[in-house]
Amino acid sequence: MQKPAATNPEDGGRGRREGFFTKWRLLGLTIVLLCLVEWLDNRVVSTTVISVVPVQWTRNSSFISSKVDTEALDDSGDHHGLPPPRPHGKLLLQALRRTRSVVTNARLEKISEKERAEWNRKNPCSSRWELQTMYDERSHSKAYPRDPAWEQVMEEYSELHRACTQRVGNMTKYFLNRKDSVPGCKFVLADTNSGAGLGNKILVLSSAFAYALATQRILLVGQETLLTEYTCEPFVGSSWFLNSSQLLLTRSKNHTFQSDDDFFSEINKHFANYKQNASSRLTAAAAVQGKYQSPNAVFPWRPQDYAVVASPDMAHLYQALPRFYCETEQMYYSHVPFVSWSGCINTIPRLFTVLSFMPIFEDLFPDRMVLTRMLRSVVLPGEFLWSRVKHLAHAYLFRKDGARRVGIQMRFRRGGINEAMVNGRVVDCLWKEGVLPNVSQTVTEVAERNQTLTDIKNAPVIKVFIASLLRGLYEHMNKIYLNNPVTASGEDVSLVQLTSSQRQRLNNVEEDVQAFAEILLLSFSDQLLVTPISTFGGIAQAYGALVPYFIEYREDFPNGTRRDACQRGETVDVAMQGPSVGWSCRLDPVQAGNLTERASYVRPVLDIELSNKYSGIHLVTDF
């Protein structure tokens with residue numbers, strides 16, 4: 001039994017009493033400090049989401065918070081069967097929770113298990129769980145597993161999406177009445193150009209979601225995209241479907257959205273006033289050190305615009321103007337309740353390099369596999385489409401012996417491309433890179449092998465899936481392997497092409513469904529050959545987490561030197577067509593530079609990807 005602590009008899013026991021009261025004083029002081037910290041934290045929440053935050057113009061700046069409050073992250077809860085998240089993704093997770101705290105007035109209620117079960121019953125989506133399994137079952141390619149940190153971010157974003165859509169109610173009325181009555185709720189409306197194919201639509205949707213994450217906006221998708229006809233609802237407890245075309249009419253005749261040019265004119269006027277009224281302005285060198293404050297901090301201004309276009313028309317190659325990616329412009333956009341996001345290309349590489357977004361993306365996607373994560377979690381095939389994909393995959397591609405699978409995507413655009421030359425290069429590439437076995441053997445060599453029936457039955461089979469509007473490549477390769485069934489490696493080659501519709505039909509649900517099915521079938525490959533700058537093949541490589549081979553479409557050099565038949569890519573990411581590595585932001589403290597200096601993982605596309613005379617950039621993935 002523990003004895004009581006000894007006391008000094010000369011102090012009359014005062015030492016024990018003073019120790020007792022000292023402990024209580026410390027406890028009381030601790031409680032006061034905790035309350036003060038909580039009060040300050042709540043002040044940070046309201047400051048971050050509602051009022052104007054001074055922007056620190058550095059590589060580590062972010063609109064989402066002035067600090068990373070790791071204590072605000074409670075990772076001890078249920079992760080729905082997933083292990084605890086790895087130490088990344090906390091920056092965005094914190095921002096989402098803080099925004100949701102504003103929306104719900106600090107009541108961070110979550111969807112109940114009963115509500116979740118009922119929502120899943122009304123919105124069935126088998127691919128949510130089965131798609132990843134299809135990739136995991138590949139035997140000859142590197143697996144890209146689920147990420148608990150990303151799953152947790154998706155859960156939190158879904159809660160924010162649910163909180164805003166429930167409080168807004170009828171989105172059409174809310175928008176058309178120009179309401180902004182739910183604090184913390186801002187929106188991005190994803191639309192696509194009328195001439196966009198399925199690959200373009202998916203890239204635009206993914207880019208809009210990346211922007212929504214970085215700015216904690218609610219993503220909504222219009223019925224004009226047709227995507228909601230054959231994809232799942234991705235955010236548990238709510239809907240991203242927008243059934244009113246009035247919200248997505250971005251042309252001037254409607255006046256629903258202000259054009260980006262007009263919005264930038266307003267910014268120019270306000271910024272000029274700011275420069276006249278600011279008492280002092282720091283140099284670009286000081287700005288790099290993080291001492292520059294945003295114009296709003298000195299000269300308060302709130303835009304009158306309720307809804308602004310981000311990427312309007314083909315004048316900008318179906319993407320936002322370069323100014324959209326500047327820090328000052330993004331600060332102004334952060335006050336606009338509704339942003340319309342349109343176009344037809346992938347803009348994630350450029351979003352990744354917006355200084356205020358970089359901390360979020362680098363923290364959440366240290367491997368830059370942002371597109372693969374988003375596609376496998378957000379752009380999920382609906383039940384009818386997924387059923388078709390599973391049946392086609394098991395009927396034509398999958399074998400119990402784990403046969404290797406090769407995907408080839410061919411796209412011939414207008415412009416007199418030599419189809420026979422390209423078909424020959426495909427075969428040359430497959431043989432040179434060891435993707436398929438060569439058949440150039442003599443009759444004597446074939447006879448000497450003397451294969452028995454058992455040998456032939458047990459020979460490995462390589463499944464080759466071809467996706468093309470034309471039949472020429474299939475017929476070319478089929479003739480080679482039909483006339484030379486005995487290959488150098490002893491492997492058999494089985495060719496499959498499901499469709500050859502000759503031309504692409506746009507804005508057609510059945511066409512999109514079949515195209516989506518073939519994209520997913522390509523993505524189940526172990527090795528992939530694609531057409532440069534083709535969004536169809538690009539989406540397949542991103543879903544499958546595959547670094548592809550690019551087929552060379554250009555003619556040989558004028559001096560007679562032959563081009564290589566193909567070239568291996570350097571990334572899983574899909575190229576962003578149009579921009580170069582240079583950038584200019586004349587309202588920012590640092591007004592110009594090179595993206596590769598800002599982020600070494602942003603690089604120009606390979607020379608072979610310039611075959612359609614476009615420049616471009618991409619993220620170099622670490623996978």
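A: The link of C164 and C185 is left-handed, with -95 degrees about the S-S bond. C164 sits in helix α5 (residues 148-168), while C185 is in the loop between α6 (171-176) and β1 (187-190); the two are 21 residues apart, and the pair links distant parts of the chain. The sulfur atoms of C164 and C185 are 2.0 Å apart. A word on terms: a disulfide is called here when two cysteine sulfur atoms lie within 2.5 Å, and helices (H or I, at least four residues) and strands (E, at least two) are DSSP runs, numbered from the N terminus. In general, a disulfide is a covalent bond between the sulfur atoms of two cysteines.

Before going further, please keep in mind that this is a predicted model, in which local features need pLDDT of at least 70 and side-chain atom pairs count only at pLDDT 80 or more, whereas totals for chains, interfaces and linings use all residues. Residues are numbered from 1 along each chain as its sequence is written, and side-chain values use heavy atoms, leaving out hydrogens and water.

C164 counts as buried because its relative accessibility is 0%, and C185 counts as buried at 1%. "Buried" means under 20% relative accessible area, with exposed being over 50% and partly exposed in between (1.4 Å probe, protein chains only).

Next comes the bond between C326 and C585, with an S to S distance of 2.0 Å. Its torsion about the S-S bond is about -85 degrees, so this disulfide is left-handed. C326 belongs to the loop between β4 (307-309) and α11 (327-333), and C585 to the loop between β13 (582-584) and β14 (592-594), so the pair ties together parts that are 259 residues apart in sequence. C326 is buried, at 2% relative accessible area, and C585 counts as buried too, at 4%.

The link of C429 and C566 is right-handed, with 80 degrees about the S-S bond. C429 is in helix α16 (residues 419-432) and C566 in strand β11 (residues 566-568), so the pair ties together parts 137 residues apart in sequence. The sulfur atoms of C429 and C566 lie 2.1 Å apart. C429 is buried at 1% relative accessibility, and C566 is buried with a relative accessible area of 7%.

In total the structure holds four disulfides. If you number the bonded cysteines in sequence order, the pairing reads 1-4, 2-3, 5-8, 6-7.

The axes of α5 and α7 come within 12 Å and cross at roughly 80 degrees, which makes α5 roughly perpendicular to α7. W150, M154 and Y157 of α5 meet F209, A212 and L213 of α7. By class, this contact has six nonpolar, no polar and no charged residues. Contact means heavy atoms within 4.5 Å. Axes are lines fitted to C-alpha atoms, for helices over the stretch in contact, with angles from 0 to 180 degrees between N-to-C directions; under 35 degrees counts as roughly parallel, over 145 as roughly antiparallel, 65 to 115 as roughly perpendicular and the rest as oblique.

Helix α7 (residues 198-215) also meets helix α14 (residues 370-377): their axes come within 10 Å and cross at roughly 105 degrees. α7 and α14 are therefore roughly perpendicular to each other. On the α7 side the contact uses I202, L203, S206, F209, A210 and L213, and on the α14 side L371, M374 and L375. These divide into eight nonpolar, one polar and no charged residues. For the classes, Ala, Val, Leu, Ile, Met, Phe, Trp, Tyr, Cys and Pro are nonpolar, Asp, Glu, Lys and Arg charged, and the others, Gly among them, polar.

Finally, two backbone spots. Most residues other than glycine have a negative phi. R368, in the loop between α13 (358-364) and α14, has a positive phi of about 60 degrees, and R368 is buried at 18% relative accessibility. L226 has a phi near 70 degrees; it is found in the loop between β2 (218-222) and β3 (241-242) and counts as buried at 15%.
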